[in-house]
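The following exercises ask the reader to work through a structure step by step. Each task is followed by its solution.

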Amino acid sequence: MVAQVVTWAALAVIYVVTAVLVVQLLGVPLAGLVAPAALISAALGFGLQRFVQDIGAGLLLPGERQYGFGDVVQIAISGSSQQVTGTVEDVTLRVTRLRSVSGEVITTPNGQIAQVTNLSRDWARAVLDVPVPSAVDVSHVTDVLRRVGEEAYNDDRLHKMMLDPPTVMGVERIEVDTFSVRMVARTLPGIQFDVGRELRARVASAFRYEGISVSADLDTGRATGGAS
């Protein structure tokens with residue numbers, strides 16, 4: 001990214017200096033070009049306002065370190081209520097390209113990015129809201145989830161993905177027939193979705209073994225990123 005900024009700036013200087021030298025060699029008085037140049041600049045200013053805005057936003061990205069190649073981010077677009085989520089594949093001075101989970105390439109002009117949520121900065125977090133029938137004892141559910149978390153953390157493959165053992169936060173939501181118990185696991189950047197899916201499968205298996213009805217709503221809930 002920084003290399004692109006330097007390259008673009010160097011090329012711009014070279015082109016401008018070359019143009020001035022060519023005009024001087026042709027014997028064209030520079031003073032006579034001031035007025036036409038001002039008009040052309042004004043026209044370009046209006047026509048390229050969005051382009052300049054995109055470039056200006058792109059110039060700030062390297063210093064602010066909002067995201068980089070390989071980060072999983074969620075981007076909010078100005079003037080739109082929808083957000084796009086994907087893995088950053090390319091960042092230029094003008095656009096940011098993401099690839100979604102389904103393989104789609106999403107190109108967003110940098111000047112239209114209103115907010116960025118980085119899901120893979122330093123560490124990430126898998127959040128599971130586990131729906132349980134209200135007739136089941138909360139303490140029993142908590143014990144089962146803690147055991148699942150300990151077994152997952154002791155698994156050699158999952159241990160390398162997690163920063164610490166999963167934590168059972170307690171009852172998150174109470175409804176008429178069910179209540180939800182939240183389980184949280186801190187993971188390495190970018191793999192919170194993989195850890196979440198693995199924990200979800202282990203929780204479903206453990207609940208069936210204990211005779212606890214598994215709701216179809218069992219899901220990872222969401223995955224977030226954080227900073228150390």
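**Exercise 1. Determine what the side chain of Asp 137 reaches at the start of helix 4.**

Solution. Step 1: at the start of helix 4, a side-chain oxygen of Asp 137 comes to within 3.2 Å of a backbone nitrogen. Step 2: that nitrogen belongs to Ser 139. Helices (H or I, at least four residues) and strands (E, at least two) are DSSP runs, numbered from the N terminus.

The model is a predicted one, in which local features need pLDDT of at least 70 and side-chain atom pairs count only at pLDDT 80 or more, while totals for chains, interfaces and linings use all residues. Residues are numbered from 1 along each chain as its sequence is written, and side-chain values use heavy atoms, with hydrogens and water left out.

**Exercise 2. Describe the length of helix 4 and the arrangement of its buried and exposed residues.**

Solution. Step 1: helix 4 spans residues 138–154, which is 17 residues. From first C-alpha to last it reaches 24 Å, close to the 24 Å expected at 1.5 Å a residue; the expected span is 1.5 Å times one less than the number of residues.

Step 2: the buried residues of helix 4 are Val 141, Thr 142, Val 144, Leu 145, Val 148, Gly 149, Ala 152 and Tyr 153. Buried means under 20% relative accessible area, exposed over 50%, and partly exposed in between (1.4 Å probe, protein chains only).

Step 3: these residues lie on the same side of helix 4, because they cover an arc of only 165 degrees around the axis. The arc is that of the directions from the helix axis to the C-beta atoms. The face turned away from the buried side carries the exposed residues Glu 150 and Asn 154.

Step 4: the buried residues of helix 4 pack against strand 6 (123–133), helix 5 (156–159), strand 7 (167–174), strand 8 (178–187) and helix 6 (192–209).

**Exercise 3. Identify the largest nonpolar core and the element that gives the most to it.**

Solution. Step 1: a nonpolar core is a set of buried Ala, Val, Leu, Ile, Met, Phe, Trp, Tyr and Cys residues joined through side-chain atoms within 4.5 Å. The largest one here has 24 residues, and those with the most contacts inside it are Val 130, Val 132, Val 141, Leu 145, Met 162, Val 203 and Phe 207.

Step 2: strand 6, helix 4, strand 8 and helix 6 each supply at least two residues of this core. Helix 4 gives the most, with six residues.

Step 3: apart from this core lies another, of nine residues, among them Val 73, Val 88, Leu 98 and Ile 113. In soluble globular proteins, nonpolar side chains tend to be buried together.

**Exercise 4. Find the residues that Glu 210 touches and its polar contacts.**

Solution. Step 1: Glu 210 lies in the loop between helix 6 and strand 9 (219–226). Its relative accessible area is 29%, and Glu 210 is partly exposed.

Step 2: not counting residues up to four places away in sequence, Glu 210 touches His 140, Val 144 and Arg 147; contact means heavy atoms within 4.5 Å. Glu 210 and Val 144 are 66 residues apart in sequence, with 8.4 Å from C-alpha to C-alpha.

Step 3: the side chain of Glu 210 makes polar contacts with the side chains of His 140 (3.4 Å) and Arg 147 (3.0 Å). A polar contact is a pair of N or O atoms within 3.5 Å; within protein, one must be able to donate a hydrogen and the other to accept it, and residues adjacent in sequence count only if both atoms are side-chain atoms.

**Exercise 5. State which strands pair with strand 1 and how they run.**

Solution. Step 1: strand 1 (residues 72–77) is largely enclosed by the rest of the structure, because five of its six residues are buried.

Step 2: two strands pair if DSSP finds at least two bridges between them. Five bridges join strand 1 to strand 2 (residues 83–91), and the two run antiparallel; Ile 75 stands opposite Val 84 in strand 2.

Step 3: strand 1 and strand 2 form a hairpin with five residues between them, and Gly 79 in the turn has a positive phi of about 80 degrees.

Step 4: strand 1 is also joined by five bridges to strand 5 (residues 113–118), again antiparallel. Here Gln 74 stands opposite Thr 117.
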